[in-house]
Amino acid sequence: MLDLRLPTIETERFILRPIRVEDAKDMFEYAGDAQNIQFVWFPRHTDVASSVKAIEDHFLTRVERGIPEAYCVVIKPALKMIGTVDVHTVRFTDVGEIGYILNKRYWNQGIASEAVQILISVMFHHCGFQRIEIQHNAENIASLRIIEKAGFIREGTYRKRKYEPELGHRSDYHFYGINLDDQIVTERYSKEHYEKTIRPQIRP
Ligand SMILES: CC(C)(COP(=O)(O)OP(=O)(O)OC[C@H]1O[C@@H](n2cnc3c(N)ncnc32)[C@H](O)[C@@H]1OP(=O)(O)O)[C@@H](O)C(=O)NCCC(=O)NCCS
């Protein structure tokens, strides 16, 4: 049985906490930006109301749909919500697929990498997943780097999987996984690591 409620975690640079309706204005800043959503699968938000609707319909229904709450990244010291990192799909009871997006004003500072690596530990050791999956458009190099840095193992490629309107062609998608008994978990995402480094960052 998965634990779908997530602990709030505070690091030096940011807070990871479940997303709320009040985050809609900050969400619209990136979800309403064409460049920011180039590689994601939801349509561009047209106004703050469409971000409210996305949060209510897509994010806040997660637990009732058997999916963990979605983390958002709240940057310090501004306490602005700058993106989400979450398991958006659960398969076969204990397999979770991760996705992420960050406001482009905060790209290339290692924020998504740090958040994704915390998310992996939480998904294994708080929620109870046995396997974490991820996929990305082969041309999305930033996402590729996050996945490589997190230690995911590439398991294959969906060839010409999806037509990308912005690119004007069909793109390949690479897919990856980490299983709880993989060597990378022993090295980077062990239960001991979670207890020593993640649990002390949990806030009430
Ligand atoms: C993907 C995304 C979350 C990355 O966030 P981020 O906080 O900038 O990521 P990080 O800083 O942790 O890592 C990005 C890495 O990609 C590299 N990178 C970024 N753009 C690159 C490019 N065009 N070419 C080569 N490398 C690139 C950075 O140098 C960095 O690698 P490094 O640490 O080895 O230097 C962000 O770009 C985003 O929100 N993109 C739009 C949504 C999206 O694509 N989501 C993923 C769908 S699968």
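Which residues does Val-73 touch, not counting residues up to four places away in sequence? Select Val-73 and look around it. This is a predicted model. The contacts of Val-73 are Phe-14, Leu-16, Ile-82, Gly-83, Val-85, Leu-102, Ile-111 and Ala-115.

**The core**

Widen the view. Val-73 belongs to the largest nonpolar core, which has 47 residues. Val-73 is among those with the most contacts inside this core, together with Ala-115, Val-116, Leu-119, Ile-120 and Met-123. Now select residues 111-127. This is helix α3, which gives the most to the core: 11 residues. In soluble globular proteins, nonpolar side chains tend to be buried together.

**The ligand**

Next, select the ligand. How many residues are around the ligand? There are 20, and Trp-107, Ala-112, Ser-113, Ala-142 and Arg-145 come nearest. Colour the shell by kind: 11 residues are nonpolar, 8 are polar and 1 is charged. Then colour by element. β5 (95-102), α3 and α4 (141-150) each supply at least two residues of the shell. The largest share comes from α4, with 5 residues.

**The hairpin**

Move on to residues 153-164, strand β7. How many of its 12 residues are buried? The count is 0, so β7 is hardly covered, as a buried residue needs 20 or more other C-beta atoms within 10 Å of its own. Find Lys-162: it stands opposite Ser-171 in β8. Finish at the turn. β7 and β8 form a hairpin with 4 residues between them. Gly-168, in the turn, has a positive phi of about 80°.

Key:
Residues numbered from 1 in each chain as written. Predicted model: local features only at pLDDT ≥ 70, side-chain atom pairs only at ≥ 80, totals over all residues. Pairing = 2+ DSSP bridges. Core = buried A, V, L, I, M, F, W, Y, C linked by C-beta atoms within 7 Å. Contact = placed C-beta atoms within 7 Å. Near = placed C-beta within 6 Å. Nonpolar A, V, L, I, M, F, W, Y, C, P; charged D, E, K, R; others polar.
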